[in-house]
Amino acid sequence: MNKVFRAHPLMIFNFLKPFLFVLLIPLVRGLIQYAVSGEYDSILYFEVILLIALAVIGFLRWWCFKLILNEEKHTITVVSGLVFRKTAKINVDRLSSVQTKQNPLEFICRAVTFRLNTEAGNIGKADYEFKLSVKSAKKVSTLLYGKGDNKKIRFSLFKIAVLAATTSSAFTGIIVGVPLIYRAGNLLEIAISDMLINEINNISQKIETYFPPVVNAISLVFLASYLFSFFYSLFNYLNFQLRLGEDKMEIRSGLFVRTRTAFKKAAINNVRIEQSFLMLLLRRFAMRVSVGGYGESKGRSEVVIPLEKGQEIRNHFAEYLPFFKCDTGVFIKPRATAINRSRFLFFPTIYFISSIILAIILGLRFEDFTRFTIFSLWVVCTLIFIHAWFCLFECFKGKVDFGENVFIRSRRGFKTCELYCPKENVGEVKLVRFPADMWHHTCRLRITVRSERADSLCVRHLDYETVKKTVNEYFNV
Amino acid sequence: MKENTLPKKTTWLWLLRIVLVTFILVALCFYFAPLFAPLKIIAIVIGVLGLFVAFVYLPFFFKTYKIILSNDAVIVKFGILIKVEHIMPYKRMIYAQSFETPMARLLGVAAVRLKAARSYLLVAEVEKESAQSIIDFLAEGESHE
């Protein structure tokens, strides 16, 4: 039986959105002018007619939109378009995920933004995005994934805060914050950016340290950007909740903008258990899953468990996603020889020596900037030591297992990572040998998952013959 | 295995489209010709080319167009000078979408787009009922497996 759903009327504004600022602001200004002085421009007529025409087109486009669900045939049909009519029929099994998002305006209007994602979607864009009433959205979700008794799992604020802290960065803060400050300044006609720069200058000159004021200013900018990014992430992750069904997962989060993502466990491409440097200090891990075709951007995956101890997270993993477990117990590890182990520290040593030499040269060449050079060297050396620690992790803990699922543990930048992926999802296995690898009969093994995100992980300095033989046997090459 | 060819209406639709576009381009060229004299020659070239494509090339092109629904894949074959054979296995297909322009709606035809991860196969306009049956076959086929 077919069940037909219509879009929420708020969608009309979505269609009008690109023209609103161009038309509405001059129109409002003209109307205010008419109300105050009784005078109006001749262009006001044209603007009113254009806005009415656009509103009528928006209304008709909204009227033409239909979502049809067929429970028996297990299909979902989306009909859209006024002049160019589009009809898409999607088998429910082909859906990667369904996402609902609710901002404060939608909350007041009892509407949600509903996104249908499949593997065929463009990067950074859902296949279909429309507005539904909350009631309809609930019905559609139930029809798609069944009601079921979902197990609700909530996480403490501390765990959410750590997750937000680990996913935030000063650069994100700058990227998000700077345009926001600029726009706010333009809108309020106040030079907010100049005020901020002056304030930062004042504070950095007041702080008396060994380092020059410019170092304080840079540190302050980075700290403020990081804090901005942290609060931005925190508000996105607040109310984080995991709902577990028999064969589906649902993740809810957000305070002002509420997001809800549901997907079948079978649609998961790979599972990652990660530990960033901050998590390393707290001895905690996070679990993420990557779902095919999911997400607003290519690089996004879904956090399933924000923060948990090592053993606990493995227990949860075994409980929630038992079919991803890898238990052959036969691992390929980097060779445990002194020379091989020292090779893991080759690049950190090179970076360290180069930094020292560069700092000495800069110190001698620009004597007035010695304190700034020392500060920069201190920052770089800290990063090199963290990098060295992660290299040692790869050396002692890195391993690969080719069982029913593929398991690989290594480092990824400044993170440790365990990747679990079914055999059929392995997209590429790459064996790379540098001259030093040929000399030592070793190789680097990189496994890339066949998915939109194309997650990959690499373990270095593995025994070449063992890897080659295992890979050939595993993939029947 | 099911083999389909395109209906006559598709040829008419594309003929109309090409003639319309040619007419607009030629009209524009003549309109702006007083400003730039060579536009008259360009208009004649566009007109001749447009009419050649519409009345000579298109009918032959659409005669070569074949849509084959085999047991494992959708195969679309077309081309006169350059022969193209596009194969999309059912397993790789994610969903199907029909697309109608106002002119196509008047003639009762619709184009079909078969979407796979990172690629798609476009089937030129077929009868509305055929388009619907292709979409139904592809979308519902999976649940009957």
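Axes are lines fitted to C-alpha atoms, for helices over the stretch in contact, and the angle between two of them runs from 0 to 180 degrees between N-to-C directions. With that in hand, here are some close-up views of this predicted model.

**View 1. Helices α1 and α2 of chain B pack against each other.** Two packed helices are described by the angle between their axes and the distance between the axes. Here α1 covers residues 8-32 of chain B and α2 covers residues 39-63 of chain B. Their angle is about 175°, and their axes lie 8 Å apart. Angles over 145 degrees count as roughly antiparallel, so α1(B) and α2(B) are roughly antiparallel to each other. Look at the residues of this contact, too: 19 are nonpolar, five are polar and one is charged.

**View 2. Strand β2 of chain B pairs with β1(B) and with β3(B).** Follow β1 (residues 2-5) of chain B to β2 (residues 66-69) of chain B: the two run antiparallel and are joined by four bridges. One pair to find is B:Asn4 with its bridge partner in β2(B), B:Ile67. Four bridges also join β2(B) to β3 (residues 73-78) of chain B, again with antiparallel strands. In this pairing, B:Ile68 stands opposite B:Ile75. A hairpin of three residues links β2(B) to β3(B).

**View 3. Chain B meets chain A.** In this contact, 19 residues of chain B touch 17 residues of chain A. On the chain B side, β5 (93-100), α3 (102-107), β6 (109-116) and α4 (128-144) each give two or more residues. The most come from β5(B), which gives seven. By class, the chain B side has nine nonpolar, four polar and six charged residues.

**View 4. A strand of chain A pairs with a strand of chain B.** Strand β4 (residues 85-91) of chain A runs antiparallel to β5(B), and six bridges join them.

**View 5. Three strands of chain A form an open sheet.** The strand order is β18-β19-β20, with antiparallel pairing. At the edges are β18 (426-432) and β20 (456-463) of chain A, each pairing on one side only. Neighbouring strands are turned by 20° against each other on average, direction ignored. Helix α15 (residues 464-474) of chain A packs on this sheet and touches β18, β19 and β20 of chain A. The direction of α15(A) makes about 125° with that of β20(A). Within the sheet, six bridges join β19 (residues 442-449) of chain A to β20(A), and A:Leu445 stands opposite A:Val459 in β20(A).

Methods:
Residues are numbered from 1 along each chain as its sequence is written. Chains are lettered from A and ligands numbered from 1 in the order in which they are written. This is a predicted model: local features need pLDDT of at least 70, side-chain atom pairs count only at pLDDT 80 or more; totals for chains, interfaces and linings use all residues. Two strands pair if DSSP finds at least two bridges between them. Two residues are in contact if their C-beta atoms, placed from the backbone, lie within 7 Å. Ala, Val, Leu, Ile, Met, Phe, Trp, Tyr, Cys and Pro count as nonpolar, Asp, Glu, Lys and Arg as charged, and the others, Gly among them, as polar. Angles under 35 degrees count as roughly parallel, over 145 as roughly antiparallel, 65 to 115 as roughly perpendicular and the rest as oblique.
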